Amino acid sequence: MVNKLEQLKKEAIKKIKDIKDLDALQILEKKYLGRKGELTAILRGIANLNIDDKKKIGSLSNEIKNEIKENFLKIKNIIESKGTDDSFIDVSLPGPIMARGHIHPLSKMIDDLDDLFSKMGFMVLDGPELESDYYNFSALNIPADHPARDMQDTFYIDYKNQANRQTKKINTEQKKDAFDMVMRTHTSPMQVRAMQKYGAPLRCVVPGRVFRNEATDATHDTTFDQLEGLMIGENISLANLSAVLKEVLKRLFDEELEVRIRPGYFPFVEPGLEFDVACTICKGAKCPACKHTGWLEMIGAGMVHPEVLKYGGIDPDKYSGFAFGIGLTRLAMMKHKIDDIRLFNSGDMKFLEQF
Ligand code: DAH
């Protein structure tokens with residue numbers, strides 16, 4: 001009888017292992033453990049045994065019954081959880097590779113400059129990308145009919161029609177102002193906003209996106225980044241401007257940059273200057289990135305025009321100041337030796353993954 005039981009156990013466990021679906025499992029369960037099943041039939045025979053055998057065979061058959069039951073349960077669980085049982089996971093397989101993000105080269109440039117200027121006592125400010133004509137031009141000494149407006153081809157926003165559509169009660173004066181909204185063509189509008197808000201003395205930088213209606217090429221894009229700088233105080237001079245910019249460029253680039261300073265015209269400074277940086281891509285050999293000149297116009301700067309100080313509510317007889325606008329995108333081109341400005345906003349992963 002013992003043999004019979006052991007034989008039955010072996011056979012049952014082997015068959016259970018091969019079962020793939022619940023229906024087949026149920027049939028097998030009935031075959032062994034059901035009321036008319038094989039094990040039950042053996043157990044019935046126990047009644048005819050003597051007391052000692054009854055005990056021995058009784059406990060053995062109970063053990064076997066439990067063991068078979070356990071095996072049924074285990075396979076049932078596996079089938080029900082569709083094979084996600086732990087014992088089916090190959091822990092030696094390598095895990096999925098997680099793609100890592102990258103800091104965009106422009107964001108990195110802005111972070112570095114924010115850091116450098118903060119250490120020199122400049123506040124870092126943020127300004128609106130949709131700007132009024134007043135701050136973008138008029139308050140910077142560029143009146144509506146002035147030819148200097150042609151220097152920056154502008155995206156005007158049809159704000160009047162939108163305002164008309166959205167607000168019925170809008171007076172004529174508001175209508176006039178409402179029309180005068182532009183995508184800011186430079187970060188300079190923040191000069192007057194900062195002066196009006198903080199007064200003098202003042203030290204601030206303003207990184208941000210600017211927009212122009214450009215025909216794009218290797219050095220021009222419709223959307224690019226600038227960093228505006230402004231320092232106002234008593235006896236501020238061009239020497240301070242030159243010292244600050246040279247220090248920042250030196251710390252930003254690990255290599256020493258060759259810089260050329262020449263006169264430049266911007267209506268909001270007097271005198272106005274341009275800082276050009278020797279092209280790091282062709283090292284002066286002339287390439288499309290430097291428009292075949294060996295130099296890149298990188299920074300516009302100068303002493304803040306007295307009219308602009310007045311727009312900012314600052315007394316030009318008491319205070320003077322310098323301002324500069326750095327072409328951040330061009331600076332990033334020079335730092336990383338990138339020969340086409342359009343790559344920055346292209347979203348091209350092959351380009352971005354290099355940083
Ligand atoms: N806003 C000028 C531009 O985008 C750059 C500039 C020139 C900024 C002279 C300044 C400045 O602050 O003083 O072309």
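## Strand β3 and I157

I157 is partly exposed, its relative accessible area being 21%. In this predicted model, the residue belongs to strand β3, which spans residues 156-157. Because buried means under 20% relative accessible area, I157 at 21% is classed as partly exposed.

E247 is 90 residues away from I157 in sequence, and the two C-alpha atoms are separated by 39 Å.

## Helix α10 and A243

Helix α10 covers residues 238-252 and contains A243. With a relative accessible area of 46%, A243 is partly exposed. The limit for an exposed residue is over 50%, so the 46% of A243 leaves this residue in the partly exposed class.

A243 and M120 are separated by 123 residues in sequence, while their C-alpha atoms are 12 Å apart in space.

## The ligand site

The space taken by the ligand is the largest pocket. The shell around the ligand consists of 16 residues, and the closest are H186, S188, R212, Q226 and E228. By class, this shell has six nonpolar, eight polar and two charged residues. Three strands, β6 (223-233), β9 (295-304) and β10 (320-327), each supply at least two residues of the shell.

Which residue places a side-chain N or O atom 2.9 Å from a nitrogen atom of the ligand? That residue is H186. Backbone atoms take part as well: a backbone N or O atom of A323 is 3.2 Å from an oxygen atom of the ligand, and for F324 the corresponding distance from a backbone N or O atom to a ligand oxygen atom is 3.3 Å. Of the 360 Å² of accessible area that the ligand has on its own, the protein covers 93%.

Helix α9 runs over residues 189-198, and P189, M190, Q191, V192, A194 and M195 are buried in it. An α-helix has 3.6 residues a turn, so residues three or four places apart point the same way.

After α9 comes G199, which has a positive phi, near 70°. The peptide bond from A200 to P201 is cis, with omega near -5°. P201 lies in the loop between α9 and β5 (202-211).

P271 is located in strand β8, which comprises residues 269-278. Most residues other than glycine have a negative phi, and most peptide bonds are trans.

## The loop between β8 and β9

K283 is situated in the loop between β8 and β9. Although K283 is not a glycine, its phi is positive, about 55°. Is K283 buried or exposed? Its relative accessibility is 60%, so K283 counts as exposed.

K286 is likewise found in the loop between β8 and β9. The phi of K286 is near 80°, a positive value in a residue other than glycine. K286 has a relative accessible area of 48% and is therefore partly exposed.

Notes
Residues numbered from 1 in each chain as written. Heavy atoms only, no water. Near = heavy atom within 4 Å. Polar contact = N/O pair within 3.5 Å; in protein donor to acceptor, adjacent residues only side chain to side chain. Areas by Shrake-Rupley, 256 points an atom, 1.4 Å probe, with all protein chains shown as cover. 1 Å grid on protein atoms, 1.4 Å probe; cavity = no way out; pocket = protein on both sides within 12 Å on 5 of 7 lines; lining within 4 Å. Sits in = over half its atoms within 2 Å of the grid points. Helix = DSSP H or I, 4+ residues; strand = E, 2+ residues; numbered from the N terminus. Nonpolar A, V, L, I, M, F, W, Y, C, P; charged D, E, K, R; others polar. Buried < 20%, exposed > 50% of the residue type's maximum accessible area, 1.4 Å probe, protein only.
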